[in-house]
Amino acid sequence: MSAVIAASGLSKRYGRTWALRDCTLAIPEGRVTGLVGPNGAGKTTLLRLAVGMVAPTGGTITVLGQRPAAGPAQLARVGFVDQQAPVYARLTVADHLRLGTWLNPGWDDGLARRRIRQLDLDPKRRAGTLSGGQRAQLALTLALAKRPELLILDEPVAALDPLARREFLRSLMEAVAEHEVSVMLSSHLIADLERVCDYLIVLVASQVQVAGEVSALLASHHRLSGPRRDPGSLPASQEVITESHTDRQTNLLIQTDEPVLDPAWAVKPVSLEDLVLAYMSRADDGRPARRPRLGVVS
Amino acid sequence: MIRLSLLQFRTQAVIALVTTAAYAVVLAVTGPGLASMYAADGLSSCRGGSCQEMADYFTGSLIHTLYGVLWPLSEGVIVLAPAVIGLFWGAPLIARELEAGTSALAWNQSVTRTRWLAVKLIVGALAAMAVTEALCLMQTWWAAPISRAVAQGASVGVGQSRFAELNFATHGITPLGYAALAFALGLTAGALIRRTTPAMALTLAIFAALQVAMPLWVRPNLAPPDHTIRPVTSLGNALPQQTGPGGTTFTLYAKIIPGQPGAWILSSGPVDAAGHATRTTPAACTSVGNTGTSTGANGSSSPAGTGPSAVVDCLASHGIREAITYQPASRYWRFQWTETAIYLALALGLAGYCFRRLRRLRC
């Protein structure tokens, strides 16, 4: 598995605030990678570093084996859709396609036109009059028609209504299937990530909490509930991610690559949302706590 | 990339073209009238010494005509053009992209930021310089009769030296430099502040300050001035003024230097026989001066033996001469080139800074 994005000790500081500090991660090739994490985790900064829109304060990042935005060739290999899906309000949809033709040697005009037709966008319409969903689709069209090897999307659906969100993700998935492009997208909305991602990274405070294939992650995490007991007494192969206790009962979310054999536990599968929240709340507390707490995992 | 800059430049270009065309029409319609007035005043056929009086009459009488209004207005447009360009072309170029977030779109195409800026900068700067210089050339054509009258010695009304602040800044090649600098200034302010409106305000403030400082403090020193001491009687336009109680002091300005037509007089002041600056009226001239003040101030002609000319004669007979610091008219193009070069160099410096900044700029 070769990495399309490899960061090591990556840091970015704005003034006195660290937007990203000492972040090390690798994004695999040929996957749709979801990046989740709470606000301020450094997701946007990480993505902007990856497209070369900001320069790192420290550490290194390589994208497709090169420094981000190193030159026109490198820029051509990476497509980017920003949070706000910015387009030129005064230019028409057709102007945007022409812009793409002029600025990208690998521009796939057939693809761009086909998508605009499918989306039912009037090419003569000014981009400023488009709805949020249409604007996001136009921005995605521009990024796709460049025919990049890697597509980076920063919260692409955060501002969209549920219907537009579904449409956007559906057309993203179609394009991914058709053009074999690696994708990295960040989102708050775990349900959306679940629909499109096959690889997941949970980032909290610049640190990767967990990374892996979605199916493997779901297979290796379990929710255990049973009579109250000390989590310290679990086998070494089982890592407790979160725990909650009542007077009589203990609820755990654990990671293990082996089957859970202890008959005292009722074992249930976890949802992706449970898993993400578990890692986020564990990171929030620093180290996994070894004292009884209530109501952490619902 | 050129096509994109032209596409995005459309609105500004149309406004600039319409404005320039309107300016051209006004000048084209009124220009022949001005030229025929020049001919009607007999200036095209005059020879010798009478020319100066006729030229003075021509430029003086223009003040009360339409041309007397159009002349400062047409020069004013050329003065304002670079500032407007800096504000509306330069300042938004980077700032608006950052403000609207479209920099994320523009800088993620297969074109480096450096190339993006280079093309935008060249297109914008060339257009800015072309528009301003076009205005300048049109006005030069229109005002040619006035310039000829000035060359023939006119010094009243609209007949002002080529070195006069407004004339110097609106003719020749200086508008090229102003346009380039104003554009680069707007660009830099936009890249620094990242917001269009404050960048426009900053551009205007700095450019206005520069355009005031340049003629006042910088331009006179672009070449070491010449000095001369002339007898006061030979100064056609010397103006004695009585100041202070009892008429004991006087001031004397030179408006022209005989034998140096079109020279730019930087400063002038009376000196005594020993060559020291003086302001004290010799006692013998005090009484002459008192009468001179009252009649001279009314602008009425003075009887013989009184009035301004009598004072000047009296001062001259007591060894008072006029020391003049000036730039000869022959240095006009040297000044034009030097000033333009300074502005272009500043503009290049700012542009270079923008390239460096853009590479680090987060969008």
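Axes here are lines fitted to C-alpha atoms, for helices over the stretch in contact, and angles run from 0 to 180 degrees between N-to-C directions. The model is predicted.

**Exercise 1.** Work out which strands of chain A helix α9 lies across, and at what angle it runs to β11(A).

*Solution.* 
1. Find α9 of chain A, residues 272-284.

**Exercise 2.** Give the strand order of the open four-stranded sheet in chain A, and explain why β11 and β13 stand at its edges.

*Solution.* 
1. The order is β11-β12-β10-β13 (chain A), and the pairing is antiparallel.
2. β11 (239-245) and β13 (266-269) of chain A each have a single partner strand, so one side of each lacks a neighbour in the sheet.
3. From one strand to the next, the twist averages 20°.
4. Now take the pair β11(A) and β12(A), residues 249-255 for the latter. Six bridges join them.
5. Within this pair, Glu243(A) sits opposite Leu252(A) of β12(A).

**Exercise 3.** Describe the side of chain A that touches chain B: how many residues, which elements, which classes?

*Solution.* 
1. Count residues in contact: 23 from chain A meet 18 from chain B.
2. Pick the elements of chain A giving two or more residues: α2 (72-77) and α3 (93-103).
3. α3(A) gives the most, with four residues.
4. Sort this side of chain A by class: 16 nonpolar, three polar and four charged residues.

**Exercise 4.** State what share of chain A is buried.

*Solution.* 
1. A residue is buried if 20 or more other C-beta atoms lie within 10 Å of its own.
2. Of the 298 residues in chain A, 44% are buried.

Terms used
Residues are numbered from 1 along each chain as its sequence is written. Chains are lettered from A and ligands numbered from 1 in the order in which they are written. This is a predicted model: local features need pLDDT of at least 70, side-chain atom pairs count only at pLDDT 80 or more; totals for chains, interfaces and linings use all residues. Two residues are in contact if their C-beta atoms, placed from the backbone, lie within 7 Å. Ala, Val, Leu, Ile, Met, Phe, Trp, Tyr, Cys and Pro count as nonpolar, Asp, Glu, Lys and Arg as charged, and the others, Gly among them, as polar. A residue is buried if 20 or more other C-beta atoms lie within 10 Å of its own, exposed if 12 or fewer, and partly exposed in between; C-beta atoms are placed from the backbone. Two strands pair if DSSP finds at least two bridges between them.
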